Amino acid sequence: MIDRSPTRLASVLATVVALGGVVVTGVYSWLALALGGVGFLVLTAGVLVGNRAGVTTGAAVLFLGVLGAGFDGAPALVALVGTVAAILAWDCATTAISLGRQLGRDAPTGRLELVGAATTAAIGTGAAAVTYGLFVLVEGGESLTALVFLVLAVVLIASALR
Amino acid sequence: MNWQRALLLTGIGLFGLGALGLAAPGVLGLDLGQPVLALVAVLALVQAARLVQSRRRLEGSEAALPDREELYAVPSPGDRFREALSQFRRRPRASYRGSSRADLAAVAVAVLTRYTGCSEAEAQRRLDDGSWTDDPYARAFLSGDHDLSVPTALRLRTVLGRESLYRRCLRRTVDEIARVAGVPVGTGDSDGEAAPQSRTRPSASADGLVARRETGHWYGISAVVLAGVGAGVLLEQPAVLLVGVVGLWYAAYARSHDVTGAALSVERSLSTNRPEPGETVTVTVTVRNDGEELLTDLRLVDGVPDALAVTQGSPRLGTALRPGGAVEFSYAVTARRGVHAFEPLVAAVRNAPGTVEHERVVAPERPTELVCTPLLEALPLPLPLRTASTPYAGVETTASSGDGVEFYSTRLYRPGDARSRIDWNRRARTGELSTLVFREERAASVVLLVDVDESAYVAPESGEHAVDRSVEAAGQAFATLETAGHFVGVGALGRAECWLAPGAGETHRARARELLATHPALASVPPEEPENPLRARRLLRSRLPANAQVVVFSPLGRPSVVRTIRGLEAAGYPVTVVSPDPTADGTPGRRLARVGRRLHVTDLRGDGIPVLEWAWDEPFATAVAAFAEQRRQP
């Protein structure tokens with residue numbers, strides 16, 4: 001029989017990245033540490049048994065942990081790193097599950113997993129860098145009206161993209 | 001979608017205005033305060049919650065790539081209980097509830113009359129009064145009542161167990177019938193039923209595309225944006241707000257380019273095209289990306305033939321390929337008798353974010369084929385045949401006198417007898433003239449028929465099945481008989497297109513070897529189009545030489561096969577049956593199939609047709625030796 005469980009490399013990457021994110025945000029906030037810990041456990045369990053819903057729930061809780069860190073006043077850069085970590089962990093974990101279902105655990109899939117994780121990480125790093133740059137740039141501006149416009153714009157764009 | 005585009009454009013417009021407002025405060029001319037901002041934030045959170053809900057309902061689709069390294073799944077006889085039971089039925093009847101009991105009663109009567117020597121009426125009476133068995137469940141199950149009248153104590157006992165009363169009665173009854181028939185019954189019970197394997201090929205368009213699917217991989221990432229922005233504004237934490245904006249980049253990335261993988265090409269090479277049986281053949285597959293696209297997510301499954309098992313490595317690969325790049329992977333299969341055509345490679349190509357998947361089949365320019373023709377090796381001992389003869393000289397001894405070398409009898413001298421045949425010793429002793437007569441020796445014309453009925457593609461465990469075994473035995477029988485000087489022909493019982501008329505000589509031997517190894521009717525995987533059994537039977541009758549004798553290789557899985565064999569015998573062809581035993585133990589159905597086969601063997605032997613029983617785990621030569629021993633001392 002073919003072993004249909006999630007592939008190894010992406011599973012390991014997912015748990016390591018998730019743990020990294022929890023550690024980085026947990027340093028600043030007990031709330032983040034607690035939520036992040038729960039999220040990490042759920043995500044790890046999900047990737048061990050190959051359950052997509054479990055992985056997604058775990059990643060969502062990880063993200064809530066990052067929001068908690070922001071609430072407790074963690075620096076913007078830490079929150080950004082935590083978010084990218086949560087998203088990357090979720091991407092790696094779901095890739096591991098889908099690869100396991102389609103190709104099985106014994107097939108050589110390392111190259112695909114590495115390229116996929118690297119691409120997602122690169123997008124995240126770029127996104128975090130640009131966002132942080134913008135943030136630093138406009139930090140002085142004190143126009144509430146402009147902020148309303150910007151937030152509404154983001155909400156509309158996000159709803160369009162889903 | 002239109003409204004999506006409208007939303008997107010409005011969003012971008014607002015973004016521009018916001019940026020302008022940041023750069024030059026007061027330009028917008030509006031003075032929106034904190035309450036409006038809070039309202040927008042709440043709107044964002046509501047939208048996030050809606051998105052999470054719809055994500056939970058979403059079912060993304062992805063290609064189900066085939067299990068090519070698994071062998072074609074072979075069932076064991078009796079894996080389907082109803083089918084195993086129905087073969088005992090004299091005539092088909094509409095199924096109704098409780099028919100299992102009536103059918104089992106018929107089986108029990110058949111078994112009792114065969115193996116305990118009682119008449120049918122007597123057997124029926126013993127079933128009704130329950131004196132046929134000591135087992136209380138079996139007794140209750142087959143006694144004449146319409147309701148299942150099981151003693152209350154037994155009823156209570158089954159309540160505690162996992163089995164239902166009906167199932168337990170059924171199982172115990174089958175076990176009792178098997179015991180009467182002298183069929184060994186194991187203790188273990190497994191519910192092991194081989195899952196039927198789908199052998200349908202994906203239908204692809206001209207360029208090999210099977211399907212384009214949306215995997216839904218990043219669907220719902222915008223919830224991160226909405227939740228982050230909403231929470232950030234309400235909590236008045238810029239860090240949280242920024243977190244949401246990061247998600248927006250991923251949402252945009254998920255919408256990025258599509259790839260098709262249309263320019264994939266594949267080459268396949270084998271370490272050898274014509275291996276010996278059991279030899280390990282290395283298959284090397286090279287996949288090339290001839291197009292301009294960068295393929296970051298490429299999932300490949302090679303088209304290993306159904307009848308070959310992968311023994312080393314994996315015919316699957318997940319990789320990334322740049323334009324013009326190539327990737328090579330290899331795996332090993334164990335060669336097996338037959339012609340094995342490789343199927344096209346199946347590829348699932350995803351774009352970088354993994355949101356779109358193209359499933360396509362890619363065939364190499366030259367189709368790959370592996371041909372394995374085993375040598376026909378003679379048995380170390382002769383195969384016992386029925387006594388019959390053709391008019392050609394040979395070694396098969398007959399019960400008539402004629403030209404030969406072995407002394408048969410003497411008779412009175414008749415004028416014209418050759419002088420060398422006169423028994424001169426006797427003449428010297430007694431003065432009488434007498435003539436020596438020799439035993440006539442003739443070649444038998446033998447036709448080997450392999451049963452390829454659907455019921456013959458069975459095995460106790462996955463791997464070789466009864467048709468494989470039959471063909472192997474037929475090959476050995478062919479070599480043995482041919483070496484002994486007989487005229488030997490080969491055919492398939494139940495498939496007209498496979499036929500080699502009896503003959504002898506080098507060319508004939510080569511032809512038989514080729515036919516046994518490569519004819520599609522004898523292949524390891526059953527042919528897909530069915531044959532008309534009437535036509536096959538008629539053609540076989542017209543082709544069989546009048547003086548031929550027949551050896552049928554069959555697991556005797558169906559009454560129809562047994563009827564065909566009896567028909568051949570009745571038509572004057574002496575038949576010998578070689579029967580590999582593919583039955584297994586473990587479920588009532590399998591035991592029933594075993595009882596059924598035993599009944600078939602008994603019935604054939606009752607008609608005077610010798611049956612060579614060949615146990616699954618012993619070599620053919622051993623079975624032949626035992627058979628020869630049996631026939632010598634009847």
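1. Accessible areas here are those given by the Shrake-Rupley method with a 1.4 Å probe. On that basis chain B exposes about 30400 Å², with carbon and sulfur atoms supplying 52% of it, while chain A has an accessible surface of about 6400 Å², of which carbon and sulfur atoms account for 74%. It should be kept in mind throughout that this is a predicted model.

2. Chain A is made up of six helices and zero strands, so that its elements, by DSSP runs, read α-α-α-α-α-α from the N terminus on. The C-alpha trace of chain A spans about 65 × 35 × 25 Å along its principal axes. Of the 162 residues in this chain, 56% count as buried, and among its contacts between residues at least 6 apart in sequence, 76% join residues at least 24 apart.

3. Chain B, by contrast in its elements, holds 17 helices and 19 strands. Of its 634 residues, 49% count as buried, and 74% of the contacts in chain B between residues at least 6 apart in sequence link residues that are at least 24 apart.

4. The contact between the chains draws 76 residues from chain B and 66 residues from chain A. Together the two chains bury about 6500 Å², and 75% of that area lies on carbon and sulfur atoms. On the chain B side, L22(B), L242(B) and Y250(B) lose the most area to chain A, and together they make up 10% of what that side buries.

5. The buried residues of α1(A) include A10(A), A14(A), V17(A), G21(A) and T25(A). Seen down the axis of α1(A), the buried residues fall within an arc of 165°, so they line one face of the helix. R8(A) and V16(A), on the other side of α1(A), are exposed. The cover over the buried residues of α1(A) includes α2 (30-49), α3 (52-71), α4 (76-102) and α5 (110-138) of chain A.

6. Which residues does L88(A) touch, leaving aside its neighbours within four places in sequence? L88(A) lies in helix α4 of chain A, and its contacts of this kind are V17(A), A117(A), T120(A) and A121(A). L88(A) has a relative accessible area of 11%, so it counts as buried, the cut-off being under 20%. Between L88(A) and V55(A) there are 12 Å in space, C-alpha to C-alpha, for a separation of 33 residues in sequence.

7. T368(B) sits in the loop between β10 (356-362) and β11 (369-372) of chain B. Although T368(B) belongs to a loop, its relative accessibility is 8% and it counts as buried. Not counting residues up to four places away in sequence, T368(B) touches R268(B), L270(B), H340(B), A341(B) and F342(B).

8. On cysteines, the count of disulfides over all chains comes to zero, the rule being a pair of cysteine sulfur atoms within 2.5 Å. C372(B) is in no disulfide, because the nearest cysteine sulfur, that of C498(B), is 17 Å away and the cut-off is 2.5 Å. C372(B) counts as buried at 0% relative accessibility, and C118(B) is likewise buried, with a relative accessible area of 13%.

Notes:
Residues are numbered from 1 along each chain as its sequence is written. Chains are lettered from A and ligands numbered from 1 in the order in which they are written. This is a predicted model: local features need pLDDT of at least 70, side-chain atom pairs count only at pLDDT 80 or more; totals for chains, interfaces and linings use all residues. Side-chain values use heavy atoms; hydrogens and water are left out. Helices (H or I, at least four residues) and strands (E, at least two) are DSSP runs, numbered from the N terminus. Buried means under 20% relative accessible area, exposed over 50%, partly exposed in between (1.4 Å probe, protein chains only). Contact means heavy atoms within 4.5 Å. The arc is that of the directions from the helix axis to the C-beta atoms. Buried area is the accessible area (1.4 Å probe) that two parts lose on being put together, summed over both.
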